[in-house]
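Student: I have a model open and a few things to ask about it. Can we go through them one at a time?
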Amino acid sequence: MADRINLVMKLNGEERSVNVHPFARLLDVLREDLRLTGTKEGCGEGECGACTIFLNGQVVNSCLVPAVQAQGAEVITVEGLARGGELSPIQAAFVAHNGAQCGFCTPGMLVAATDLLNRCPNPTEDEIRDGLAGNLCRCTGYSKILDAVQTAAADGASR
Amino acid sequence: MIGASSHRKEGRAKVMGTAIYTDDKFVPDALHGVTVRSQVPRGILKGIHFGGGIPWAEFTIVTAADIPGKNLVASVMHDQPFLVGIGEEITHMEQPVVLLAHSNRHLAERARLAVALEVEELPAILDIQASLDLEQVIYGTHNLLKEIRIQKGDPSKVWDRAAHVIEGEYFTGAQEQMYLETNAMVAVVEEKDAQTWVTVWGSLQCPYYVHGALKQLFGLPEDRVRVVAMEMGGAFGGKEDYPSVNGGHAALLAWKSGKPVKLIYDREEDLACTTKRHPSRSRLKTAFDAEGHLLALETDFVIDGGAYATMSPVVLSRGAIHAAGLYRCPHVKVHARAVATNTPPPGAFRGFGAPQSLFAMERHMDICARKLGLDPVELRRKNFLRLGDTMATGQVIREDLDLGGLMDRALAEIGYHDKRAAFAITNQGEGPIKRGVGFSVFMHGCGFTGSGESYLASVAGVEGLADGTVSILAASTEMGQGKNTVFSQIVAEALKLPYELVDVAEVDTDRVPNSGPTVASRSTMMVGRILEDAAIGFKQSLVQQGFLQEPYTPESFQVAVAKAVATLGSVKCYGQYHRPPNIVWNDSTYQGDAYPTFSWACYAAEVAVDLDTYEVKVEDFVTVQEVGRVVNPRLAAGQVEGGVAQGIGWGLWEEVTTKQGRMINNQMTNYIIPTSADLPRIQVVFLENAHPAGPGGAKGIGELPMDGPAPALLNALEGALGPLRLDEVPMTPERLLQRCEEVSHG
Ligand code: FES
Ligand code: FES
């Protein structure tokens, strides 16, 4: 078996190619090989959601995804949410509402919240709670995160 | 500025994913460190064997024999070795014995498993009772890490003449901090000019604790050791004392290998080996007169301190001082002990002993109310501390306290009286869901206990930068609580500048003075106050040296600072803690002002219990607190909401299961913290009452919210289910089922 394999993906809108260990986790490839350290590891076993990214438009826990599955895929991480230095509505709402305290759950939480609002532009509070239940936060008690998501939803709706 | 909900200074970096946490630091050619730990709770290390199939020659290997300085972690007591050496005693299952480093992370992990330890096992003691019974003597002569007695009056004279004497026993379990970012360190050791220079970057709350530990470990002078706090993914006390251990380990590997070393724990290792909240047992005995006035209180408070002292003496101290709650009582006796066991040592966790002793007291008050035939509201109202009252340590209440008003506000917010009446009827019904409301009233001492602040004599400062902005110099760390923001607000207010012109300097011991550890809810109140002084001194020196005229605009201030920097090279001004003249404390008698002031609170909970599954849902949670002037309401509310979430977790779900003293549910899959779907909106009310000790009148806030939820929830459970043996947290479904069966089986 080859020592390294070549992996090509569209990462945050850019074509990237990288040689990786055949059994590498996508999380490690992003963080170590591609040096996008925004995506975090909180558990390594699919429980905390800190490693949440978009893979071909679906949210996944990148700690559980073998990097080979990203072959030819479109990947969006937290670094890809802002456009040209301008925060996305959900990012801006997290700043305004103190949705990030220590900030370690934040990258995954933002990706999950972006996905939630894509699927469900006007979620109820319970829908937000359920939608984010796979992303653990130990700092906020979630209230300020709910505030941020609700604000982003309302801004989206008014646009 | 003070009172504004300014946005978090580092908020933008956090939402962009550009904030750099320890493992995000790019370190070319770094080795990856791993730790070989004991697999028995107690024994003598006889040998270390390196198994086959591993290219050991490629590895950096560190054992106790390599340690250049002292093999003891500098902490409250110097009793814990960095590594256990051959012939020495292993005292718990997670004791570090060998450190390994290799450039290949996966190979390093394989190598860790290939090291075998030869140990002559000794009998271990694993819980409080076995330690108190001296089944084995493992620490000193009596297994005591610390013992404290506090006495006021003499309860023994009261028992016989009191109308009612009520006793109770309460237990609290260990709790994991579960910061989302595991413990992480990066170390570089350089040999320059025939000298050793040690630098550690890490996820750590207290840079100068780690600095002190590294000095002792390597036997180096102050200026040869540098500690830098990286962005921190939560801590809650869990990165207060432990970083002195893993910081030392990373530095040892870097020193021996001559290469940079990353030592990043995975979640399983972090949960198994790092510190937790101390388990506790409280025995309370209280005497009341016929009307329900508290006449005497005696408490025997014991915490399990594990194999080494770590922070146990200070955790015990705070627990002991909070043990009598916020009630006036003429006769009080507190006997508090931290006992040693062969378990990985617990350490600091938000609340620091107070949640344990306050749980017992606030649960006990409800039980007393029931036994006295009084409403728990009225029993408390009769007994609250007031202006001029004396606490158990002799501390006189100098604030015009209205705890009854504070309690009434919380009860009104949750609709306590109406709900109690309504649930009394609905709970009669057939359905499996039973509802209840309950509350707790409590306080949290602000800052270090007793003389702690005087010993620390913290220093913090402000510095002018070339662009005319102001930078804050303090070793206080940002762990998500909002230090960067709150400090900037305090200094901006003192200098009458916009918030944008002030920011914090990187927390690097080469650059910032020792403002003390970032613990004990002390940063805003204690360090904030020093910064206020430093800022005013800074402004005065600009005026005196002719750079600035008053009154000034932000623009003219900026010009003046820029000019001063251009002329003088560097402009800084420091402030230092001064003990307020009316604060007196005696460490040997435990008498005096334990804290400069307290934050006060009443928390109320509404729960629904499903008698088919014994699951408890928290339907409403109200917090009313008096924390002095609130510097940043949105950040402060975030602290309360997050603290309450942790408190609810501790009260209902978070169980540390152990085998031979070691946590065995050391995964996020089976140690359950609250998700967004598990919690209600936590309502937060601040009653402001400016306190002169803090900047602009602020008190401490970070830990208070951990104290109230557990007793409020169990009091609410009693409201829902009637009298049960609700004496322990976490009250998991399994435990609740068992308590209900006790009643049905008589
Ligand atoms: S790190 Fe992937 S889910 Fe926790
Ligand atoms: S902000 Fe710290 S874990 Fe969510």
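Student: Where in chain B does B:Pro730 lie?

Tutor: This is a predicted model, to begin with. B:Pro730 is in the loop between β28 (728-729) and α19 (733-744) of chain B.

Student: And the peptide bond from B:Val729 to B:Pro730, cis or trans?

Tutor: That bond is cis, and its omega is near 0 degrees. Most peptide bonds are trans.

Student: What about the bond that joins B:Glu550 and B:Pro551, cis or trans?

Tutor: A cis peptide bond joins B:Glu550 and B:Pro551, with omega at about -10 degrees. B:Pro551 sits in the loop between α14 and α15 of chain B.

Student: OK, those two helices then. At what angle do α14 and α15 of chain B pack?

Tutor: Helix α14 (residues 523-544) and helix α15 (residues 554-568) of chain B pack at about 75 degrees, and their axes are 11 Å apart. Angles of 65 to 115 degrees count as roughly perpendicular, so α14(B) and α15(B) are roughly perpendicular to each other.

Student: Which residues make the contact?

Tutor: From α14(B) they are B:Phe538, B:Lys539 and B:Leu542, and from α15(B) they are B:Phe557, B:Val561 and B:Ala564. By class, that contact has five nonpolar residues, one charged and no polar.

Student: Change of topic: positive phi. What is phi at A:Asn12, and where is that residue?

Tutor: Phi of A:Asn12 is near 50 degrees, which is positive in a residue other than glycine. A:Asn12 is found in the loop between β1 and β2 of chain A. With a relative accessible area of 25%, A:Asn12 is partly exposed.

Student: And B:Tyr590, what is its phi?

Tutor: B:Tyr590 has a positive phi of about 55 degrees, although it is not a glycine. Most residues other than glycine have a negative phi. B:Tyr590 is in the loop between β21 (585-586) and β22 (591-592) of chain B.

Student: Is B:Tyr590 buried or exposed?

Tutor: B:Tyr590 is buried, at a relative accessible area of 9%.

Student: Which residue with a positive phi follows α1(A)?

Tutor: That is A:Arg35, with phi near 55 degrees.

Student: How many residues of α1 (residues 26-33) of chain A are buried?

Tutor: Six of its eight residues are buried, so to speak of the helix as mostly covered needs only the cut-off of under 20% relative accessible area. The buried ones are A:Leu26, A:Leu27, A:Asp28, A:Val29, A:Leu30 and A:Arg31.

Student: What covers them?

Tutor: The cover includes β1 (5-11), β2 (14-20), β3 (52-55) and β5 (74-76) of chain A, together with α2 (105-114) of chain B.

Student: What about B:Phe50 and B:Trp56, how far apart are their ring centres?

Tutor: The centres are 5.0 Å apart and the planes are at 75 degrees, so this pair is edge-to-face. B:Phe50 is partly exposed, at 34% relative accessibility, whereas B:Trp56 is buried, at 16%. Ring pairs link B:Phe50, B:Trp56 and B:Phe59 into a cluster.

Student: Next, cysteines. How many disulfides over all chains?

Tutor: A search of the whole structure finds zero. B:Cys368, for one, is in no disulfide, and its nearest cysteine sulfur, that of B:Cys329, is 11 Å away. A disulfide needs the sulfur atoms within 2.5 Å. B:Cys368 is buried, with a relative accessible area of 0%.

Student: Last one: what is B:Leu271 in contact with, leaving aside neighbours within four places in sequence?

Tutor: The contacts are B:Glu176, B:Met178, B:Lys276, B:Met663, B:Asn665, B:Asn666, B:Gln667 and B:Met668. B:Leu271 lies in helix α6 (residues 267-273) of chain B and is buried, with a relative accessible area of 0%.

Technical notes:
Residues numbered from 1 in each chain as written. Chains lettered and ligands numbered in written order. Predicted model: local features only at pLDDT ≥ 70, side-chain atom pairs only at ≥ 80, totals over all residues. Heavy atoms only, no water. Buried < 20%, exposed > 50% of the residue type's maximum accessible area, 1.4 Å probe, protein only. Axes fitted to C-alpha atoms, helices over the stretch in contact; angles between N-to-C directions. Helix = DSSP H or I, 4+ residues; strand = E, 2+ residues; numbered from the N terminus. Parallel < 35°, antiparallel > 145°, perpendicular 65-115°, else oblique. Contact = heavy atoms within 4.5 Å. Nonpolar A, V, L, I, M, F, W, Y, C, P; charged D, E, K, R; others polar. Phe/Tyr/Trp six-rings, centres within 6.5 Å; stacked < 30°, edge-to-face > 60°.
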